[in-house]
Amino acid sequence: MEAFRKFRDQVARQQQAVLKQFGGGSFGSSESISLDEAELRQHHRIEKLYTSTRSCKHFQRDVVRGLEGYIVTGSKQVEIGNKMAEDSRKYGTENTCTSFNSLTKAAFSFSRARTQMAKEHEHLLRVYGTQVAEPLRALILGAPLEDARHLAQRYGRLHQEAEAQAIEVSKRRAKAKEVPGNIDNISKLEAAETKLEDLKSNMKVLGKEAASAMLSVEVQQQKQTLLRLIAMVEAERIYHQRIVQILEQLEGEMVFERQRVEASPSLASPNRASPRPVIENQMPPPPSYEEVNGISSSAAIDGSSDSMEFFLGEAMHSFRAESDVELNLSAGDYIVVRKVSGTGWAEGECRGKAGWFPLAHIERRERVLASKILKV
């Protein structure tokens, strides 16, 4: 259409030159041979519609190309994320750490979160392809756009032909004026004028058809492209919201494991002893009260050697057992302490159950209400 506009301007300049050369009388007036204003407005409108639909088509194509790049790189990111999830799960399964299992639990949590995030990413990429890229690609290659553009191009060629014929009519009128009464000049002028009227009539019909088709395509382009962009933004918003939820849950689980490790007095500092009481052969604490019953080795509440002195203690902090040989404690529980290890662990009984627990979680009590004794 840019070429059409340049050609039209060139024809207009030629037409003005012809009119200036042959004078302006009744045969040479610009009003009688030029295309009327309505046709010129129609022509400009079709030009604008053609430019608008072409620009929107290019924008749609840019969006599709961008999404195709996102899908390719995103698929690679999903693959890497799944590999990280599998590696973390494998470590959690095969971890042989004997001190504590916080890292194992964190690895399992990380693996689960990574798997969930990879699934959300896959869903986002699927939305990019099916709900955005494919509909836009259909609009770019669709028949309505191509048909409308074809009509506009036909109209442009017809408009050029009509403007050229207007110049021919101007020349014929000039010759008829130079030699009045010449039958040959008059017949040629009439034929040129008839052809011009036919061209203008056809151009008027085709212009309305082309304008209507281009307008319909423009409206559809604008509406559908906007809807596809909204769908893309909505999918990205939901994706990021779900990723935040997954990461917040993962962070909470991992922070809990860190706090649990830090709360254990034997794990708070790397210079402290092993977190679980061990005997000379480096085995873990006895698995049950029955197996340790009768063993004469306990430590005083603040001593470094074992003793068999029994005493009552009150739990200042809760403790969750990680194995069958450990004892669950809740803040406020009263425990009969029967053995204290030099590694910072104590063995005792509470609410009918026996096991090991961190000594730092309790405080010794000399006087206890009778109701508390009954509970113990």
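Student: Why is L227 called partly exposed?

Tutor: Its relative accessible area is 36%. Buried means under 20%, exposed means over 50%, and partly exposed is what lies in between (1.4 Å probe, protein chains only), so L227, at 36%, is partly exposed. The residue sits in helix α6, residues 183-263; helices (H or I, at least four residues) and strands (E, at least two) are DSSP runs, numbered from the N terminus. One note before we go on: this is a predicted model, where local features need pLDDT of at least 70 and side-chain atom pairs count only at pLDDT 80 or more, while totals for chains, interfaces and linings use all residues. Residues are numbered from 1 along each chain as its sequence is written, and side-chain values use heavy atoms, with hydrogens and water left out.

Student: What makes the rings of Y70 and Y128 a tilted pair?

Tutor: Rings of Phe, Tyr and Trp (its six-membered ring) pair if their centres lie within 6.5 Å; planes under 30 degrees apart are stacked, over 60 edge-to-face, and the rest tilted. By this rule there are 2 aromatic pairs. For Y70 and Y128 the centres are 5.8 Å apart and the planes stand at 35°, so the pair is tilted. Y70 is in helix α3 (residues 37-94) and Y128 in helix α4 (residues 102-141), so the pair ties together parts 58 residues apart in sequence.

Student: Is Y128 buried or exposed, and how do you know?

Tutor: Y128 has a relative accessibility of 4% and therefore counts as buried.

Student: Why is the pair of F319 and W345 called edge-to-face?

Tutor: Here the centres lie 5.9 Å apart and the planes meet at 80°, so edge-to-face is the label. F319 is in the loop between β1 and β2 (334-340) and W345 is in strand β3 (residues 345-350), so the pair ties together parts 26 residues apart in sequence. F319 is buried at 15%, and W345 is buried at 4%.

Student: How do you know that E253 and R112 form a salt bridge?

Tutor: A salt bridge is a side-chain nitrogen of Lys or Arg within 4 Å of a carboxyl oxygen of Asp or Glu. E253 and R112 meet at 2.7 Å, N to O, so the pair passes the cut-off. E253 lies in helix α6 and R112 in helix α4, so parts 141 residues apart in sequence are tied together. E253 is partly exposed at 24%, and R112 is partly exposed at 32%.
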